[in-house]
Amino acid sequence: GASAGIGDATARRIVELGGRVVLNARRAEKLASLCEELGADRAAVVAGDASDSETVDAMLDAAESIFGGAADLVVVNAGVGLNGGVLSSDDTKWESMVKLNVVGAMRLMRRSAERMLSSIEKRGDWQERAHDIVVLGSTVGRHISPFSGSYGATKFAVHGAAEALRREICGKGVRVSVVEPGLVVSEFQAGAGYDPEWFEGLKERFGPVLEPADVAETVVFIASQQARVHLADVLVRATRQDYP
């Protein structure tokens with residue numbers, strides 16, 4: 001999900017702090033532009049559908065082949081929104097949303113965990129070098145809302161999968177964290193089909209609302225903790241956002 005919004009901001013912040021990133025999204029031209037901006041020595045591109053096994057493996061392979069080692073931070077961010085609840089949302093879009101938001105997220109979590117565990121087993125260094133899987137959830141994945149109920153249901157599933165994975169692997173030194181952003185201004189709203197006037201009303205009510213860089217800062221804060229410290233769940237809202 002690095003072509004816009006939170007994914008783009010997170011990639012930029014990681015590189016600012018000296019990290020190297022593998023960028024994924026469907027829009028190859030957007031990724032190429034971002035990669036050029038960040039620098040070929042700091043960024044690599046794997047374009048494709050994040051719900052496909054081949055794309056997931058290609059991302060993790062790129063980290064090893066281009067940057068010389070298994071990824072020690074994986075941000076599970078790709079996703080799509082959908083306006084409406086169980087009754088009011090477009091049910092023809094449910095399957096594609098679930099495939100990306102839930103199946104794709106779980107697949108990346110699983111593949112990342114497998115590689116991190118293998119790396120830790122070989123190096124035996126989890127206490128010196130943190131290994132993080134940071135999953136982007138949502139406030140509506142904890143506090144369901146009728147205007148985004150179907151999307152929120154997928155985020156409930158993602159939160160559950162992340163906690164399940166945490167319990168499976170935390171004893172081996174891999175940290176699995178969930179970041180639950182509230183209202184963030186990005187391309188997400190248009191893609192989800194929210195009415196622009198309605199969304200402007202929310203911005204006026206809650207504003208100033210979160211920006212992608214605010215969430216990116218939370219991601220890097222989680223990953224920058226000492227290896228013995230784990231921030232498992234962080235919910236981030238705009239100060240004036242009372243709901244959800």
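This is a predicted model: local features need pLDDT of at least 70, side-chain atom pairs count only at pLDDT 80 or more; totals for chains, interfaces and linings use all residues.

1. Residues are numbered from 1 along each chain as its sequence is written, and side-chain values use heavy atoms, with hydrogens and water left out.

2. A search of the whole structure returns 1 cavity of 30 Å³ or more, and the largest cavity has a volume of about 40 Å³. A cavity here is a set of points, on a 1 Å grid over the protein atoms alone, where a 1.4 Å probe fits but cannot get out, and lining residues have an atom within 4 Å of a point. Grid points are joined across faces, edges and corners, and the volume is the space filled by probe spheres set on the points.

3. Which residues line the largest cavity? They are H159, A162, E163, R166, V176, S177, V178, A232 and D233, and the elements that give two or more residues to this lining are α5 (149-169) and β5 (174-181). The largest share, 4 residues, comes from α5; helices (H or I, at least four residues) and strands (E, at least two) are DSSP runs, numbered from the N terminus. By class the lining has 4 nonpolar, 2 polar and 3 charged residues, where Ala, Val, Leu, Ile, Met, Phe, Trp, Tyr, Cys and Pro count as nonpolar, Asp, Glu, Lys and Arg as charged, and the others, Gly among them, as polar.

4. Strand β4 (residues 131-136) is mostly covered, with 6 of its 6 residues buried; buried means under 20% relative accessible area, exposed over 50%, and partly exposed in between, with a 1.4 Å probe and protein chains only. In a regular strand the side chains alternate between the two faces of the sheet. In β4, H131, I133 and V135 point one way and D132, V134 and L136 the other way, and all are buried. Strand β3 (residues 73-76) pairs with β4 in the parallel sense over 4 bridges, and the bridge partner of L73 in β4 is D132; two strands pair if DSSP finds at least two bridges between them.

5. The peptide bond joining G207 and P208 is cis, with omega about 0°, and P208 sits in the loop between α7 (196-206) and α8 (212-223). The bond from Y243 to P244 is also cis, with omega near -5°, and P244 belongs to the segment after β6 (233-236).

6. S145, in the loop between β4 and α5, counts as buried because its relative accessibility is 2%. Not counting residues up to four places away in sequence, S145 touches V140, Y243 and P244, where contact means heavy atoms within 4.5 Å.

7. S3 is found in the segment before α1 (5-16) and is buried, with a relative accessible area of 14%. Its side chain makes a polar contact of 3.1 Å with that of R27 (a pair of N or O atoms within 3.5 Å; within protein, one must be able to donate a hydrogen and the other to accept it, and residues adjacent in sequence count only if both atoms are side-chain atoms).

8. L117 lies in helix α4 (residues 94-123) and is partly exposed, at 21% relative accessible area. Its C-alpha atom is separated by 8.1 Å from that of G173, 56 residues apart along the chain.

Definitions and conventions: On a 1 Å grid over the protein atoms alone, a cavity is a set of points where a 1.4 Å probe fits but cannot get out, and a pocket is an open set with protein on both sides within 12 Å along at least five of seven lines; lining residues have an atom within 4 Å of a point.
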